[in-house]
Amino acid sequence: MTHRMNWLARTGLAMAVAATLMQGAGTPALAQSQENVIFGFFAPLTGRFGANGERFKEAVELFVEQTNESGGIGGKPLVVLTEDDRGEPMQATAIAQKFSENKDVVAAIGSFTSGNSIAAGEIFAAAGVPQVSPSSSHPDYTKISKYQFRIPNTQDTMSLIYVKTLEENAPHERVAIIYFQDDWGIFVGNATKKALEADGSEVPVFEAMLPDARDFRPLVTKLRQANVDAILLASHYGPSATFLQQLRQAGLQTPVIGPETLYNPELITLAGDAANGVITTTYFFPGDPSKAKFVEEYSAKFGREPDLWAAYAYDAISIAAAGAKALADSGQPITREALRDAIDNLPPFDGVTGVTEFVDGTPAKDLTILKIQDGAYTLLK
């Protein structure tokens, strides 16, 4: 674990009293009851990742509703305590401390970014709370302890897929890598640069997007001057939309390829026509017939199709609940330690993001390739 993350975790402990409790399913009284199975859920419900966090929250609400309508877990209602970490590692540590101190919380679902999940994970590991992150892909996350689990592959594996996708779908002699300046983005940037250069590509532009940056015109000028063949964009939907608009406004039609962070309807809403042509990856596509039941139930409840982020969270809580159900079905108490072992020992879980089978907290899955055409995500044949 890096010095920076240890510092964040220690600092966050001092800020625990500042965390604000938000109830998802259930009430404060239920949180202290032994008559329920209680999970903690945290995600960025506000801030620059708010759209992703809201999809997480909706999927969790849907799963809780479905579970309790079908009898709960071992006859006990599933209750989820919900917190907004705002995409800030220090807030995530405060939330992790709160959940850890509540002895009735037997599992934690979250967070969205690897940085927040790692910061919180240090505390969950010390308290023995099993943590299932819907979307954290940084390799360091599951290196924290045996209590960390994730839904996607590790980022080093995924970065090889991004590079392969770029090489199969765009000129790639000279490739620019633009990455978001957080733990995830830095790792993706370095991993893809290494893979591209190993395959003989040049990377004349390798530049970070500062979290609050909104003027990318100097970067666009640099791209024009470097005469790059393609752009690998490892960033989130908000800044990516602004970058795409400014790139296309400058007349550059350079192919843009990026990871699953670019698979979000908000990208198209914000970028408009500038998003057309973007190629990205996903573990979930609502047009897949095998996902029809989940798509139908989610759409009926929320009035829109689920996206990858909803699918991630749905599988994360489903897996934690499957572990709890296995314990209940065998007559064992649902404790933190027992639940960690039950999650680790689950048979391959066929969820909406594919088959999840944990090896040291991480699965291995295939990715689907998408392209934005006429303002919509489509399967890239």
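**Aromatic rings and a buried aspartate**

Modeller: K365 lies over the face of Y283, with 5.7 Å to the ring centre. Please keep in mind that this is a predicted model.

Colleague: And which ring does the charged end of K193 sit over?

Modeller: That ring belongs to F206, and the charged end of K193 is 5.7 Å from its centre.

Colleague: Back to Y283: which residues form an aromatic cluster with Y283?

Modeller: Y283 forms one aromatic cluster with F49, F56, F112, F180, W309 and Y312. Y283 is also the residue whose ring face has K365 over it.

Colleague: How many aromatic pairs are there?

Modeller: The count comes to 17 aromatic pairs. One of them is formed by F42 and F124, a tilted pair with 5.9 Å centre to centre and 50° between the planes.

Colleague: Where do F42 and F124 lie in the chain?

Modeller: F42 is in strand β2 (residues 37-43), while F124 is in helix α5 (residues 114-127). The two are 82 residues apart, and the pair links distant parts of the chain.

Colleague: Is F42 buried or exposed? And why?

Modeller: F42 has a relative accessible area of 0%, so F42 is buried. F124 also counts as buried, because its relative accessible area is 0%.

Colleague: What about F294 and Y314?

Modeller: F294 and Y314 form a tilted aromatic pair, at 4.6 Å centre to centre with 45° between the planes. F294 lies in helix α11 (residues 292-302) and Y314 in helix α12 (residues 308-329), so this pair ties together parts that are 20 residues apart in sequence. Both F294 and Y314 are buried.

Colleague: Changing topic, where does D85 lie?

Modeller: D85 is in the loop between β3 (78-84) and α4 (89-101). Its relative accessibility is 0%, so D85 counts as buried.

Colleague: Which residues does D85 touch, leaving out those up to four places away in sequence?

Modeller: D85 touches F42, A43, P44, Q91, A92, I95, S111 and N116. F42 is the residue that pairs with F124.

Colleague: What polar contact joins the side chains of D85 and S111?

Modeller: Those side chains are joined by a polar contact of 2.5 Å.

Colleague: Finally, how many Å apart in space are D85 and P348?

Modeller: They are 31 Å apart, C-alpha to C-alpha, and 263 residues apart in sequence.

Conventions
Residues numbered from 1 in each chain as written. Predicted model: local features only at pLDDT ≥ 70, side-chain atom pairs only at ≥ 80, totals over all residues. Heavy atoms only, no water. Phe/Tyr/Trp six-rings, centres within 6.5 Å; stacked < 30°, edge-to-face > 60°. Helix = DSSP H or I, 4+ residues; strand = E, 2+ residues; numbered from the N terminus. Buried < 20%, exposed > 50% of the residue type's maximum accessible area, 1.4 Å probe, protein only. Lys NZ or Arg CZ within 6 Å of the ring centre and 35° of its normal. Contact = heavy atoms within 4.5 Å. Polar contact = N/O pair within 3.5 Å; in protein donor to acceptor, adjacent residues only side chain to side chain.
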